[in-house]
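Here are some notes to read with the model open beside you. Take them one at a time and find each piece as you go.

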Amino acid sequence: MGKQVVFWGPVHGQMGTTSNCISAACMIGFESPIRTLIGSTQRAFSTMESVVLKPSERLGREPFQRSGLDALERLAHNQRLTAMNLSDYTIPLLYERLDILRGSQRKSSHEGSIDMELWEMILGHAKQAYDLVMLDENSGIRQSGTMQMLQASDVIVINLNQNAAILEQFSANQELIELLQTKSCVFVLGQYEPGSKYTVRNIARKYKFVEELCTIPRCVDFMDACNDHSVLEFVLRHRNVGSRHPNYTFIQETRRFANTILKHVGVDSEFFCEKGA
């Protein structure tokens, strides 16, 4: 049975949650033999798709929504979804390594998220078909189903940044902190700036609930790759860069982040090695 990892942040649009999920998934896909499925719990189109799929791939050419979340929801509702056929409705990014589940293509906005019972059914089959299911979850805890998704996950990746007000607000949420203390959590600082006085060491020292804190440094070239729908190509080109390359630290920290996630889900991560010279 595969493991479910949810990427979540306390505030929308500031944590780099989606890009952190994508960068870790790409690194795992290139450097491990396990099968990974990535997707968003949002029913509508997600940013995740735009950074790895070209516009022509996102639009889709199938009538009646024969792939993606719409198809899985329909099959699950009709009791026809199985672990054997689930991958037929995903898009392969790396053959036998990494697939993505497209979000809903429906135009209607009457419902912001999929029914939780259907999600549980879909995820149950997905964890039989894949070693790892990585989900980009809605930020905050006000969205319907978010707390249930956090509680049901094997590992929660808590996406934070160096904003002191957000860190204080997060640490003051006692209900959330108590929940996280019962779960296996990975904490990561996205868009990390090492020159800030809010360094990874100072943050970890101040907030005692943080056991291990990863960082994803700010990387302009990676941001450009996200805008150009070419994240996979970026990771592939930069995996072996040497220590003098300007993106070396970003790659090394992303690799360490991915390795930490696998360690928390109990996957043997010895296949990860330090690339470059």
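1. A pocket here is an open set of points on a 1 Å grid over the protein atoms alone, where a 1.4 Å probe fits, with protein on both sides within 12 Å along at least five of seven lines; lining residues have an atom within 4 Å of a point.

2. Keep in mind that this is a predicted model, where local features need pLDDT of at least 70, side-chain atom pairs count only at pLDDT 80 or more, and totals for chains, interfaces and linings use all residues. Residues are numbered from 1 along each chain as its sequence is written, and side-chain values use heavy atoms, with hydrogens and water left out.

3. How far can you trust it? The mean pLDDT (the predictor's confidence in each residue, from 0 to 100) is 87 for the protein chain, and 87% of its residues reach 70 or more. Over residues 273-277, though, the pLDDT is below 50. Where pLDDT is low, the predicted coordinates should not be read in detail.

4. Of its 25 lining residues, G13, G16, T17, T18 and T47 are the closest to the centre. Helix 10 gives the most to this lining, with 4 residues (helices, H or I, have at least four residues and strands, E, at least two; both are DSSP runs numbered from the N terminus).

5. The second largest pocket has a volume of about 260 Å³. Its lining includes W8, H12, R142 and F170, and helix 7 (residues 164-171) gives the most, with 3 residues. By class, that lining has 7 nonpolar, 4 polar and 1 charged residues.

6. Which way do strand 6 and strand 7 run? Strand 6 (residues 155-160) and strand 7 (residues 184-192) are parallel, joined by 6 bridges. L160 has L189 in strand 7 as its bridge partner.

Technical notes
Pairing = 2+ DSSP bridges. Points joined across faces, edges and corners; volume = space filled by probe spheres on them. Nonpolar A, V, L, I, M, F, W, Y, C, P; charged D, E, K, R; others polar. Contact = heavy atoms within 4.5 Å.
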